[in-house]
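Subject: Structure handover

Hello,

Here is the structure I promised to pass on. Please open it alongside this note.

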Amino acid sequence: MVENVTSQIEGLSRPNEDFLNVEHYEFGRLKMLFGIACVSTWIGTIRYVFLPYLAGKLEWIDYYLGMLGRGYLWGDDIGWKKSYLYDCLRDHFLACTDTTTPFEYVAIQFYAEPMRYILTSVFVVFIFTFMFAFFFIRRPVPFRINRGLGAIYGWDLGELWILPVSEFEFSYKGEWDPLSFRFFTSGPMVVRLKNAKNPNKTRKFKLGGYPHRDRLHGRVLGKAITAFLKTSRTPDIVENAPKRLPMAWWKWSIFPVAKLPDDIDARAEEWLRKHKYL
C-alpha cells in the first residue's frame with residue numbers, strides 16, 4: 001500500500017495542501033548523460049588535444065587553422081603566410097592568381113577539399129557541444145497536480161497540457177537503464193495529457209525523479225498521486241514531500257530553473273470550465 005511508504009520520493013514536492021509538483025523524469029537522465037559526456041570530453045581533450053598541441057605534436061590543428069586563414073587572414077603563422085605569398089600569389093597554387101585575396105584563398109582551398117573542412121568542423125562542433133552543453137541544460141517546469149481543481153496539467157513548448165481527474169490514469173513499465181544500473185526494476189510514471197488548444201491532440205509525459213533510490217518508482221508515485229487526486233486520503237510520501245523540488249548540485253545550470261506561468265492555475269480552471277469539467 002502507498003500509505004505504508006514513509007520515506008520521501010524523488011521528483012515530488014507539495015507547495016500547499018492542494019498542490020503537488022512533479023519533475024520531468026527525462027531531465028535528470030539527460031543531465032546525467034551530458035554530465036558524464038562533459039567530464040569525459042574535457043579529460044580526453046586535455047589528454048589528446050591540448051597537451052600534444054602545446055608540445056607541437058598535433059599538426060592537424062595547425063593545418064585546419066591555416067585552411068581557415070590563420071597567418072594570412074588573421075593571427076600569426078609564418079608557414080601559412082608563406083603559403084599565401086608564395087604558393088598562391090607567386091606559384092598560382094590551385095586557382096590562385098596575382099590578385100587573389102586572403103579570403104579568396106580560404107574559399108579556393110574549401111572548394112578543393114570540401115570534405116576536409118566539413119568533417120573537421122563537425123568534429124569540432126561535437127567536441128564543443130559535449131564540453132559545454134551540460135552547463136546550459138536547465139530543469140524544465142514541473143507538472144502540477146491540483147486536487148482543488150481536480151486536474152493534472154503542465155506547460156511545455158509554450159502550450160498548456162491538461163487532464164481532468166475524471167480521465168486521469170497512469171501507466172508504468174520498468175525500463176532498461178544502464179546509466180543508473182537498473183534493468184527493468186524501475187522507471188517513470190507515464191501520463192497522457194491533452195493539448196489545451198486542441199483536446200484531440202494528446203501526448204505522453206514521463207514524470208518522476210531521476211535518479212531515484214526506490215524500486216518501482218513510477219508505480220509508487222502514480223499510486224500516490226492517484227490517491228491524492230481521487231480520494232480524501234493523503235499518502236505518506238505526499239505528507240513527507242518538501243515544499244520545493246530539491247535539486248542536486250550536478251543539476252545546476254547557467255540558466256535559472258524554469259517556472260510555471262503565474263497564471264497557469266487560472267488557465268487550467270478556465271479550460272476545465274469551458275469543457276464542462278467544473
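Below is what turned up, region by region. Keep in mind that this is a predicted model.

Start at His24. It sits in the loop between β2 (19-22) and α1 (25-54). Its relative accessibility is 13%, so His24 counts as buried; the cut-off is under 20%. A polar atom of the His24 side chain lies 3.3 Å from the backbone oxygen of Val141. Contacts of His24 beyond four places in sequence are Pro140, Val141, Phe143, Asp156, Phe205, Lys206 and Gly208.

Next, α1 itself. How far apart are the end C-alpha atoms of α1? They are 42 Å apart. At 1.5 Å a residue, the 30 residues should span 44 Å, so the two values agree. The helix still has a kink of about 40 degrees, centred on Ile46. Just after α1, Gly56 takes a positive phi of about 75 degrees. Cys38 is buried, with a relative accessible area of 5%.

**Salt bridges**

Side chains of opposite charge can pair when their charged atoms come close. The count here comes to 18 salt bridges.

- Arg147 and Asp18 meet at 4.0 Å, N to O. This pair links distant parts of the chain, 129 residues apart. Arg147 is in the loop between β3 (143-146) and β4 (151-156), and Asp18 is in the loop between β1 (12-16) and β2. Arg147 is partly exposed, with a relative accessible area of 21%. Asp18 is partly exposed too, at 35%.
- Arg29 and Asp177 meet at 3.6 Å, N to O. This pair also links distant parts of the chain: Arg29 is in helix α1 and Asp177 is in strand β7 (residues 176-177), 148 residues apart. Arg29 is buried, with a relative accessible area of 14%. Asp177 is buried at 4%.
- Glu167 and Lys194 form a salt bridge, with their closest N and O atoms 2.9 Å apart. Glu167 is in the loop between β5 (159-164) and β6 (171-172), while Lys194 is in strand β9 (residues 189-195). They are 27 residues apart. Glu167 is partly exposed, with a relative accessible area of 32%. Lys194 is buried at 16%.

Salt bridges that share partners join Glu26, Arg29, Glu175, Asp177 and Lys206.

**The disulfide**

The structure holds 1 disulfide. Cys88 and Cys96 form it, with their sulfur atoms 2.2 Å apart. Which hand does the disulfide of Cys88 and Cys96 have? The torsion about the S-S bond is about -100 degrees, so it is left-handed. Cys88 and Cys96 are both buried.

Most residues other than glycine have a negative phi, and most peptide bonds are trans.

- Leu94 has a positive phi, near 55 degrees, and is not a glycine. It is found in the loop between α3 (78-90) and α4 (102-112). Leu94 is partly exposed, with a relative accessible area of 45%.
- Lys276 is not a glycine either, yet its phi is positive, about 65 degrees. It lies in the segment after α8 (264-274). Lys276 is exposed, with a relative accessible area of 72%.
- Tyr210 and Pro211 are joined by a cis peptide bond, with omega about -5 degrees. Pro211 lies in the loop between β10 (202-207) and α6.

**Helix α6**

Arg219 is found in helix α6 (residues 217-230). It is partly exposed, with a relative accessible area of 37%. Beyond four places in sequence, Arg219 is in contact with Phe170 and Tyr172. Arg219 and Gly174 are 45 residues apart in sequence, but their C-alpha atoms are 9.2 Å apart in space.

Best wishes

Definitions and conventions: Residues are numbered from 1 along each chain as its sequence is written. This is a predicted model: local features need pLDDT of at least 70, side-chain atom pairs count only at pLDDT 80 or more; totals for chains, interfaces and linings use all residues. Side-chain values use heavy atoms; hydrogens and water are left out. Helices (H or I, at least four residues) and strands (E, at least two) are DSSP runs, numbered from the N terminus. Buried means under 20% relative accessible area, exposed over 50%, partly exposed in between (1.4 Å probe, protein chains only). A polar contact is a pair of N or O atoms within 3.5 Å; within protein, one must be able to donate a hydrogen and the other to accept it, and residues adjacent in sequence count only if both atoms are side-chain atoms. Contact means heavy atoms within 4.5 Å. The expected span of a helix is 1.5 Å times one less than its number of residues. The bend at a residue is the angle between axes fitted to the seven residues ending there and the seven starting there. A salt bridge is a side-chain nitrogen of Lys or Arg within 4 Å of a carboxyl oxygen of Asp or Glu. A disulfide is a pair of cysteine sulfur atoms within 2.5 Å.
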